[in-house]
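Okay everyone, I'll keep this short. Have a look at the structure on the screen, and then I'll walk you through a few spots in it.

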Amino acid sequence: MRKERKGSDKSSDKSNEDRITVDGWVELMVTDSEGRVKAFRGAREDKNVITYRGVAAIIRLVFENFVESRFRYIAIGTGTAIERPDQIMLVNEIKRKAANALQITTDIQDDTVMLETLFSQEDGLTGIHNIAEVGVFNDPTSGIMLARKTHTPITVNWDLGDNLYVRYFIQIRR
């Protein structure tokens, strides 16, 4: 027979929960060849999806005796399918490159990393693309996709000298 202890009903007392969440958001800005802003997308409230494989990679990065590559690459693409946690790559990736990483404060000290990079003609991009998806990866050509975000397409005309600035924020909250 199981004895009930007074005050042990955790289902009714949510104050004892200790939850950690990982989420993120993206900011995109297109500028023309003169540096004038042509378009902007992004809001902190417009959350991305952290993938199942991304969650597993975070565990390997945190604890000893596991090996995993750090996430430092941003990829852009034209896929418009809604993001899902079981995805392993962008729907239609057009370019991936290394990003600069900076640890910043969003809600509590140092709770967020901001990855940022610039895509331009110098990356071999030509023509016109309607960028609708962004992902974070741990490898320059394959690897694990940590997170993916889709948005209303943003038109970039590489041939006219447009630049695409991407900032991808990943926050761990409690």
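Let's start with N65, which sits in the loop between α1 and β4. Helices (H or I, at least four residues) and strands (E, at least two) are DSSP runs here, numbered from the N terminus. Before I go on: this is a predicted model, where local features need pLDDT of at least 70 and side-chain atom pairs count only at pLDDT 80 or more, while totals for chains, interfaces and linings use all residues. Residues are numbered from 1 along each chain as its sequence is written, and side-chain values use heavy atoms, with hydrogens and water left out.

Back to N65. Is it buried or exposed? N65 is exposed, at a relative accessible area of 75%. By the cut-offs, buried is under 20% relative accessible area, exposed is over 50%, and partly exposed is in between (1.4 Å probe, protein chains only). The phi of N65 is near 75 degrees, a positive value in a residue that isn't glycine. Most residues other than glycine have a negative phi. D110 also has a positive phi, near 60 degrees; you'll find D110 in the loop between β6 (100–104) and β7 (112–119), and D110 is partly exposed at 38%.

F63 is in the loop between α1 (52–62) and β4 (73–77), and counts as partly exposed because its relative accessibility is 48%. Which residues make a nonpolar surface patch of about 480 Å²? I59, L61, V62, F63 and F66 do. The areas come from the Shrake-Rupley method with a 1.4 Å probe, and for residues, only the protein chains shown count as cover.

Now for something buried: T150, in strand β9 (residues 145–157), has a relative accessible area of 12%, so it counts as buried. Leaving aside neighbours within four places in sequence, T150 is in contact (heavy atoms within 4.5 Å) with G79, A81, I82, E83, A132 and E133.

Last stop, L160, in the loop between β9 and β10. L160 is exposed at 58%. From I76, L160 is 84 residues away in sequence and 19 Å away in space, C-alpha to C-alpha.

Terms used. Patches are made of residues with over 30% relative accessible area and no salt bridge: like charges are joined within 9 Å, nonpolar side chains (Val, Leu, Ile, Met, Phe, Trp, Tyr) within 5 Å. A salt bridge is a side-chain nitrogen of Lys or Arg within 4 Å of a carboxyl oxygen of Asp or Glu.
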